[in-house]
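This report describes the fold and the packing of one protein chain. Please keep the sequence and the structure in view while reading.

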Amino acid sequence: MARAFDAIVLGGGVVGCATAFNLARRGASVAVIEKGSQVGCGMTARSSACLRLHYSIPENAAIARHALRYFQNFREELPAEADGDAGFLQCGHMIVGGGDELGSTMRQTVDKLASNGFDTTMIDAADALELHPHLNVDGVEHIGWEPASGFADPYMTTTSFQRAAQHHGAKFFYGEEADGLLFHDTDCVGVSTRSHGELHAGVVVSCMNIWTPSTLEKWLPDGVLPEGRLPMRLEKHFLLAVRQAGGGG
């Protein structure tokens, strides 16, 4: 007999665990399918964990501000039994730009965010050097500063959401792989798994990060996607994190 849930979450990374928690705390029965032996084995383990406000798209900036407030009050957001801790460190976030178009655009974004009440501002080179004495400001024309931003610990954040989800009854299937979606006519009604057979659900949420396009494009029936491809694009970004050594470090 197939097992039935209100929702199935594909992927046990930070997004999958947070999704499972928010569904479960609203009363949904939730199953999380994770192919690794524990949560956070995939892209979450490679996360920069940066929490910043600097987004030029208003919707993204609004989400970022909500997320930053969430992490600042992380323990209060999760049930006490989950003993939640995101390992959030408020170290600030600095953005630098040259005298080119990109630098000018960066300044415009900071000014726009600040005018809408975001905790971000432009500072001069002297202020930047006081905050970061080892910074090279040669050729730097624009410097933005977010004092309340910082970074979190990906593993602590993910396992906190995992425990919170389990507190509300979410079921985690580790070492399990989904190998297809189940359909009734054109409606998705669950997931086929290698070890547990068919798992039925009214909602299936893909939290597989970079594997979502190639996986879902293979699983969805012909004609569902325009030109057979999901309307999304993967991008790779680089982030440099520095920390001042203390004592004998």
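## Helix H2 and its surroundings

Helix H2 covers residues 58-72, and its 15 residues reach 21 Å from the first C-alpha to the last, close to the 21 Å expected at 1.5 Å a residue; the expected span is 1.5 Å times one less than the number of residues. Helices (H or I, at least four residues) and strands (E, at least two) are DSSP runs numbered from the N terminus. The model is predicted, so that local features need pLDDT of at least 70 and side-chain atom pairs count only at pLDDT 80 or more, while totals for chains, interfaces and linings use all residues. Residues are numbered from 1 along each chain as its sequence is written, and side-chain values use heavy atoms, with hydrogens and water left out.

Within H2, Ala61, Ala64, Leu68, Tyr70 and Phe71 are buried, where buried means under 20% relative accessible area, exposed over 50% and partly exposed in between, with a 1.4 Å probe and protein chains only. The buried residues of H2 pack against helix H1 (14-24), strand E3 (50-51), helix H3 (74-77), helix H4 (101-115) and H6, a contact being heavy atoms within 4.5 Å.

## Aromatic rings and charges

A search of the whole structure finds eight aromatic pairs. Rings of Phe, Tyr and Trp (its six-membered ring) pair if their centres lie within 6.5 Å, and planes under 30 degrees apart count as stacked, over 60 as edge-to-face and the rest as tilted. Tyr70 and Phe71 form an edge-to-face pair, with 6.5 Å from centre to centre and 65 degrees between the planes. Tyr70 also forms an edge-to-face pair with Phe74, at 6.0 Å centre to centre and 75 degrees between the planes. Tyr70 is buried, with a relative accessible area of 14%, and Phe74 counts as buried at 4% relative accessibility. Ring pairs link Phe21, Tyr70, Phe71, Phe74 and Phe161 into a cluster.

Charged side chains also sit over rings, which requires NZ of Lys or CZ of Arg within 6 Å of the ring centre and within 35 degrees of the ring normal. The charged end of Arg52 sits over the ring of Tyr55, 4.2 Å from its centre, and Lys171 lies over the face of Phe173, at 5.6 Å from the ring centre.

## Thr158 in helix H6

Thr158 belongs to helix H6 (residues 154-167) and counts as buried at 1% relative accessibility. Its side chain reaches the backbone oxygen of Pro154 at 2.7 Å; a polar contact is a pair of N or O atoms within 3.5 Å, where within protein one must be able to donate a hydrogen and the other to accept it, and residues adjacent in sequence count only if both atoms are side-chain atoms. Leaving aside neighbours within four places in sequence, Thr158 is in contact with Gly12, Gly13, Val14, Cys17, Val39, Gly40 and Thr44.

## Strand pairing

Strands of a sheet pair through backbone hydrogen bonds, either parallel or antiparallel, and two strands are taken as paired if DSSP finds at least two bridges between them. Strand E1 (residues 3-10) runs parallel to strand E11 (residues 197-206), and seven bridges join them, with Phe5 standing opposite Ala201 in E11. Strand E10 (residues 187-193) runs antiparallel to E11 and is joined to it by four bridges; Thr193 stands opposite Gly197, and E10 and E11 form a hairpin with three residues between them.

An open sheet of three strands has the order E4-E6-E5, with antiparallel pairing. Strand E4 (93-97) and strand E5 (121-122) stand at the edges with a single partner strand each, so one side of each is left without a neighbour in the sheet. E5 pairs with strand E6 (residues 142-146) over two bridges, and the bridge partner of Met122 in E6 is Gly144.

## Helix H7 and the whole chain

The buried residues of H7 are Thr212, Pro213, Thr215, Leu216 and Trp219, and what covers them includes E1, strand E9 (178-184) and E11. In the segment after helix H7 (212-219) lies Gly228, which counts as partly exposed at 40% relative accessibility. Gly228 and Glu217 are eleven residues apart in sequence and 6.6 Å apart in space, C-alpha to C-alpha.

The protein chain has seven helices and eleven strands, and buried residues make up 38% of its 249 residues. Its C-alpha atoms fill a box of roughly 70 × 45 × 35 Å, taken along the principal axes. Of the contacts with a separation of 6 or more, 65% are between residues 24 or more positions apart.
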